[in-house]
Amino acid sequence: MHGSLRVRGMVVTGKVVSTRMRKSVVVERDLFKPVSKYKRRAKTKSKLHAHLPECIKVNLGDEVEIGQTRKLSKTKGWVVLKVIKEEPAGTAKEEVKEKGEEEVKEEKKRDASTHARRKEKTEKNKGEEE
């Protein structure tokens with residue numbers, strides 16, 4: 001229980017994938033759903049939005065325990081109870097994030113050059129039509 005927020009229902013564990021919101025986190029958990037046709041289980045993922053109390057500090061990649069509570073907003077119905085396993089600072093997550101930003105910049109450059117080529121092509125076609 002955190003303040004007046006009571007935990008009821010399920011208690012699950014998952015990995016923090018986003019901490020961009022002010023008092024919330026997004027927790028991803030792995031599930032195995034049965035596929036009756038093939039008599040096997042398929043691995044799936046589920047993302048849950050959870051309230052982050054001020055007394056708990058989490059980072060990307062941390063393993064946390066969350067508990068179900070009353071609806072706090074349209075998408076938020078869980079609360080972070082505790083951090084099970086902390087991801088050390090300066091790990092591969094940040095390197096991947098930095099690489100991702102570089103890749104985004106490269107994609108923008110490629111898109112700009114593609115746009116310029118298409119524009120030239122259409123201008124060329126217009127010149128031929130006249």
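1. Contact is taken here to mean heavy atoms within 4.5 Å. On that basis, and not counting residues up to four places away in sequence, Arg29 touches Val12, Thr13, Gly14, Thr44, Lys45, Ser46 and Leu48. Arg29 is placed in strand 2.

2. Basis of the note. This is a predicted model, in which local features need pLDDT of at least 70 and side-chain atom pairs count only at pLDDT 80 or more, whereas totals for chains, interfaces and linings use all residues. Residues are numbered from 1 along each chain as its sequence is written, and side-chain values use heavy atoms, with hydrogens and water left out.

3. Overall architecture. The chain has 1 helix and 5 strands, and from the N terminus on its elements run β-β-β-β-β-α. Helices (H or I, at least four residues) and strands (E, at least two) are DSSP runs, numbered from the N terminus. Of the 130 residues, 23% count as buried; buried means under 20% relative accessible area, exposed over 50%, and partly exposed in between (1.4 Å probe, protein chains only). Among contacts between residues at least 6 apart in sequence, 54% join residues at least 24 apart.

4. Pairing of strand 1. Two strands pair if DSSP finds at least two bridges between them. Strand 1 (residues 11–18) pairs with strand 4 (residues 63–68) in the antiparallel sense over 5 bridges, and Thr13 stands opposite Glu65 of strand 4. Strand 1 also pairs with strand 2 (residues 24–35), again in the antiparallel sense, over 3 bridges. Here Ser18 faces Val26 of strand 2, and the two strands form a hairpin with 5 residues between them.

5. The charge of Arg29. Lys and Arg count as positive and Asp and Glu as negative, while His and the chain ends are not counted. Arg29 is buried yet has no salt bridge, and the nearest side chain of opposite charge, Asp30, is 9.0 Å away.

6. Salt bridges. The criterion is a side-chain nitrogen of Lys or Arg within 4 Å of a carboxyl oxygen of Asp or Glu. A search of the whole structure finds 1 salt bridge. The side chains of Lys45 and Glu28 meet in a salt bridge at 3.9 Å, N to O. Lys45 lies in strand 3 (residues 40–51) and Glu28 in strand 2, so the pair ties together parts that are 17 residues apart in sequence. Lys45 is exposed, with a relative accessible area of 57%.

7. Phe32, Pro34 and Arg41. Arg41 lies over the face of Phe32, at 4.8 Å from the ring centre; the test requires NZ of Lys or CZ of Arg within 6 Å of the ring centre and within 35 degrees of the ring normal. Pro34, in strand 2, is exposed, with a relative accessible area of 70%. Leaving aside neighbours within four places in sequence, Pro34 is in contact with Arg40 and Arg41.

8. Gly61. This residue is found in the loop between strand 3 and strand 4. Gly61 is buried, with a relative accessible area of 6%. Leaving aside neighbours within four places in sequence, Gly61 is in contact with Lys15, Val16 and Glu87. The C-alpha atoms of Gly61 and Pro88 are separated by 8.9 Å, with the two residues 27 apart along the chain.
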